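Look over the sequence and the structure first, then read the notes by topic.

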Amino acid sequence: MPCYPSLFAAHLRVDNVGTILEQVETNKKTLILHGTKTSAVLNSVLSDIYHLKRDNAVKYTKKNDNIRPFESGGETSLEFFSLKTDCSLIVYGSHSKKRPNNLVLGRTYDHHIYDLVEIGVENYKSMESFVYDKKLAPKLGSKPFFAFIGEHFESAEELKHLKEVLLDLFKGEVVENLNLAGVDRIYVCTAVSPTTVYMMHCALRLKRSGTSIPRMELVEVGPSMDLVVRRHRLPVESLRKEAMKTVEHAKKLKNVTKDPIHGRLGKVYMPDQEVGKLTLSNDVKGLKRERREAKKNKEHSKKQKVNSE
Amino acid sequence: MTDPIAATSNYEVDLGNLMAYDPSHHVTAAASNRAELREACLQKATELAQAVADVLFALSPNEDRDGPIVRLPPPATRLPREKHLPKPKPPTKWEQFAKMKGITKHKKNKREWDEQTKSWKRTYGYDRVNDDRDIPIIEAKATDEPGVDPFAQRTEEKKKRVEKQEKNRLENLKRAAKVGALPSHIQLAAKALPITGIKADLPKKSRKEDLESVAGMASTATASGGKFDESYLVRNLQSILANIESFSLWLKEKELVAKRNSNMTKS
């Protein structure tokens, strides 16, 4: 399933560098890579995320040793990779004694780091470890449901941020039309503490109920893990404002109606003239003309009188 | 079958993202056992999924061959863009002129009445109204020089008009490209940067094997001198292909190496 915009779409614009710009963005690609040291758990996590986002993700297999997302100089490699692969979501895994099983989820805007969330993965269970009826397995690329549980998603800064990033990462393609037969997966995120989220991935089973709305049943298919927020960096306010800009919608024209007979109609609203309060005009020329004509008429009538006499 | 608890709690449903959020849930410490926690989460998630499904399946679907298709509302949660908004393209020279003069666009009809044939003809395409080729006679004017073909003149003029239009079109595109608002299907330079993010054909460097087969060098290596090779035709084009830049460069390289080798043997 190709995820690239059509080359023949004249409504899409290309900027000087050659990136395609859309008015409404539908598909964000993800770059998955790791640092110098990874653990077995981390490798499994990264490959599971790649499987979940197969069609619009790029996975690098080599280790990259000069990436330090939270340090000022250490993000240049990430930005370069983002530009090269046209990915705006980054999943960077690394493992160290201080930060074991570390995942950094990052987003870019115009290929510059927009924001970062660093999480530690605990209690991980991979996709393979779950046993379920294979017929229920969610199809690749289907639009997922999301269930966020817990008040901490509203009250804790880090979890609020993580919720947004998780939504962005797993939401898939933004579509206007959805096929109801194709809903088959759900991501369940529960805030168990102000810094930890228990994430599960389940398949959806639509069971027959009396009404046209089916009864939902969840079957866990994996992966499941605890995400412990370690550090996070919110976007700079100016960058956030710019990134949140949306396309201006055409302003609704006021006072325009369409008539099938007359075409476009508009009403002209006349203010109250208040004739009683109007002053007489000082149009002297007009008065002069009146007087002149009155004189002429009087003379004319006089002449007639003289002639008749 | 509905859980009475679900009916009372208020979930935030973002249908555009197929998301449901329960802000009032407290995870009790009693769910310290992992299995219990999992069960509680699954149960809660089922309620949330049901809440989304209630709204989703209530939308009126269009029946398609793959299944019922509903129109999702735009997502409530605003997420940041990944790239900046596209810049609007600058008005073309004609558009600027039309705006200044107050000229508005009028739609042309597909069919126009042709007086000559007394029928409705297309405005463009096969068998069109006012076709240049349909003119049988052009009357001579006093200003006409003898020996000048007026029909040829007309085609020349049309060619010039088309060329001028093409030049103007390219100028408009260049102006749009300067601002950064070029339509995506156009690349102005032949060897321009490929559009990033697209598996566009990057100019591949010719491989040595390809060049060898083109030049016939590989074929001459065979015992029969390449006479029965499949690339017989290709070998005959060698002289023409030697003009290809990359191939000639490679040839030059080979010559240099050969020269160097001969120099070395001399010394």
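Predicted model: local features only at pLDDT ≥ 70, side-chain atom pairs only at ≥ 80, totals over all residues.

Residues are numbered from 1 along each chain as its sequence is written, chains are lettered from A and ligands numbered from 1 in the order in which they are written, and side-chain values use heavy atoms, with hydrogens and water left out.

Chain A and chain B bury about 6,800 Å² between them. Strand 8 of chain A also pairs with strand 2 of chain B.

**Interface between chain A and chain B**

- Contact involves 80 residues of chain A and 62 residues of chain B; it means heavy atoms within 4.5 Å.
- Carbon and sulfur atoms carry 61% of the buried area, which is the accessible area (1.4 Å probe) that two parts lose on being put together, summed over both.
- There are 5 salt bridges between chain A and chain B. The term requires a side-chain nitrogen of Lys or Arg within 4 Å of a carboxyl oxygen of Asp or Glu.
- One salt bridge links Arg81(B) to Glu25(A), with the closest N and O atoms 3.3 Å apart.
- Polar contacts join 27 residue pairs between chain A and chain B, both residues being at pLDDT 80 or more. A polar contact is a pair of N or O atoms within 3.5 Å; within protein, one must be able to donate a hydrogen and the other to accept it, and residues adjacent in sequence count only if both atoms are side-chain atoms.
- The side of chain A that touches chain B has 42 nonpolar, 16 polar and 22 charged residues. Here Ala, Val, Leu, Ile, Met, Phe, Trp, Tyr, Cys and Pro count as nonpolar, Asp, Glu, Lys and Arg as charged, and the others, Gly among them, as polar.

**Strands paired across the chains**

- Helices (H or I, at least four residues) and strands (E, at least two) are DSSP runs, numbered from the N terminus. Two strands pair if DSSP finds at least two bridges between them.
- Strand 8 (residues 145–149) of chain A runs parallel to strand 2 (residues 19–22) of chain B, with 4 bridges. Ile149(A) has Asp22(B) as its bridge partner.
- An open antiparallel sheet of 3 strands has the order 9(A)-4(B)-3(B). Strand 9 (177–179) of chain A and strand 3 (62–63) of chain B each have a single partner strand, so one side of each lacks a neighbour in the sheet.
- Within chain B, strand 3 and strand 4 (residues 68–71) are antiparallel and share 2 bridges. Asn62(B) is bridged to Ile69(B).
- Another open antiparallel sheet of 3 strands has the order 2(A)-1(A)-7(B). Its edges are strand 2 (20–21) of chain A and strand 7 (182–183) of chain B.
- Strand 1 (residues 13–14) of chain A joins strand 7 of chain B through 2 bridges. Arg13(A) has Pro183(B) as its bridge partner.

**Asp115(A)**

- Asp115(A) sits in strand 7 (residues 112–125) of chain A.
- Asp115(A) counts as buried because its relative accessible area is 1%. Buried means under 20%, exposed over 50%, partly exposed in between (1.4 Å probe, protein chains only).
- Its side chain makes polar contacts with the side chains of Arg107(A) at 2.6 Å and His161(A) at 2.7 Å.

**Backbone points to check**

- Gly222(A) and Pro223(A) are joined by a cis peptide bond, with omega about -5 degrees. Pro223(A) lies in the loop between strand 12 (215–220) and strand 13 (224–233) of chain A.
- Asp86(A) is not a glycine, yet its phi is positive, near 60 degrees. Asp86(A) is buried, at 11% relative accessible area.
- Asp127(B) also has a positive phi, about 55 degrees. Asp127(B) is partly exposed, at 39%.

**Strand 11 of chain A**

- Of the 12 residues in strand 11 (residues 196–207) of chain A, 9 are buried.
- Strand 10 (residues 185–193) of chain A pairs antiparallel with strand 11 over 8 bridges. The two form a hairpin with 2 residues between them.
- Strand 11 also runs antiparallel to strand 13, with 4 bridges, and to strand 12, with 6 bridges.
- Tyr198(A) stands opposite Asp226(A) in strand 13, and Cys202(A) stands opposite Glu220(A) in strand 12.
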